[in-house]
Amino acid sequence: MESAAGRTQRALAVWLVIAQLLQIVAAQDLQVDFYGGTCPSAEKIVRDAVEAAVAKDHGNAPGLIRLHFHDCFVRGCDASVLLDGPKSEKVASPNFSLRGFEVVDAAKAELEKQCPGIVSCADILAFAARDSIELTGGKRWEVPAGRRDGNVSINAEAEAMLPSPQLNVQQLTDSFTRKGLSQSDMITLSGAHTIGRIHCSTVVARLYPETDPSLDEDLAVQLKTLCPQVGGSSSSTFNLDPTTPELFDNMYYSNLFSGKGVLQSDQILFESWSTKLPTMFNVLSTTSFTSSFADSMLTMSQIEVKTGSEGEIRRNCRAVNPVVEAPSPL
Ligand code: HEM
């Protein structure tokens, strides 16, 4: 007869094997053309939605790129940033100006019509970021897919994980290292600030009470006109790249050389990398910048992904799937 202790040990061993098997299933790698067999038009549907949205409002391109970044840095690339809720990531202060949610909704609605329950919201974000970069002049890359959607979204986690523009170089580097990204990835990915906008509420700390001396004088005057210390609107916006604001090129870096980087963290990074990281000068050639950018995006888009049997495929990107009650036995 097996003792109670023996039975417990055996049950534990069986459970460990099951847990390991589950882990193996969950750790399946992402794959290029993941939806080839189940929803062959998935990437085209997303692309069409992004193209239509960017044609209507160019700001959707930077919006979608940033959405993917803010998603991946909190609980991995699992679309947690898309979940609605009074305490979800969306309401965290670094997310106050996120945009592009409606574009994801439009893509998802079409995907649910053509291939219900197949394509994750997390993959839509990864495809849409890639398409936005290509549509604005950057380099295209193949996006490995198979991410599953998470069902937790907590504003405090977004506050803790997303880098603030007021951090110093070490803190900025730490926030990327925590996510498995190198300093070189950080500097390259910050090149995304070659398109998009910044709000007065973000920039005023560089203007008042003292003007940040590293700001170009003419740019400081323009910023002060748009964002006066008293009576201005915190919702007014300014182009992050005042030179070629709608083009995904490497002007962001050239701007920094002439004090025309609007974001404080970019200026801080520049002061460090331009002297201490000579290898980063490769970003000063457009071709090598766009290639390095694609490589670093590929790394970022695989942060802590859920695969296999983890998470779920949300039917609506803004809400977790309703729990389906099992039919009660007769
Ligand atoms: C290095 C750390 C980073 C910091 C501190 C930072 C911070 C910011 C801030 C404060 C804004 C402007 C928000 C506003 O006033 O509305 C912004 C905009 C933006 N960021 Fe970053 N960012 C960082 C890295 C990144 C990365 C890695 C990406 C993408 C790969 C990215 C993509 C963007 C884009 C595209 C915009 C413009 C968004 C729009 O026009 O809607 N940023 N960022």
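A: Begin with residue classes: Ala, Val, Leu, Ile, Met, Phe, Trp, Tyr, Cys and Pro count as nonpolar, Asp, Glu, Lys and Arg as charged, and the others, Gly among them, as polar. By these classes, the lining of the second largest pocket has 4 nonpolar, 7 polar and 3 charged residues. This is a predicted model, in which local features need pLDDT of at least 70 and side-chain atom pairs pLDDT 80 or more, while totals for chains, interfaces and linings use all residues. Residues are numbered from 1 along each chain as its sequence is written, and side-chain values use heavy atoms, with hydrogens and water left out.

Q: What is the volume of the second largest pocket, and which residues lie nearest its centre?
A: Rolling a probe the size of a water molecule over the atoms shows where empty space is left. On a 1 Å grid over the protein atoms alone, a pocket is an open set of points with protein on both sides within 12 Å along at least five of seven lines, a cavity is a set where a 1.4 Å probe fits but cannot get out, and lining residues have an atom within 4 Å of a point. Points are joined across faces, edges and corners, and a volume is the space filled by probe spheres set on them. Here the volume is about 190 Å³; Phe 34, Gly 146, Arg 148, Gly 308 and Ile 313 lie nearest the centre.

Q: Which element gives the largest share of the lining of the largest pocket?
A: Helices (H or I, at least four residues) and strands (E, at least two) are DSSP runs, numbered from the N terminus. Helix 3 gives the largest share, 6 residues. The pocket holds about 940 Å³ of space and is lined by 39 residues, with Arg 66, Phe 69, His 70, His 193 and Leu 263 nearest its centre. Its lining divides into 22 nonpolar, 13 polar and 4 charged residues.

Q: Which protein donor does the iron atom of the ligand have?
A: Donors are N, O and S atoms within 2.8 Å of the metal (3.2 Å for Na, K and Ca); water is not among the atoms, so sites may look incomplete. The single protein donor to the iron is His 193 (NE2), 2.1 Å away. His 193 sits in the loop between helix 8 and strand 1.
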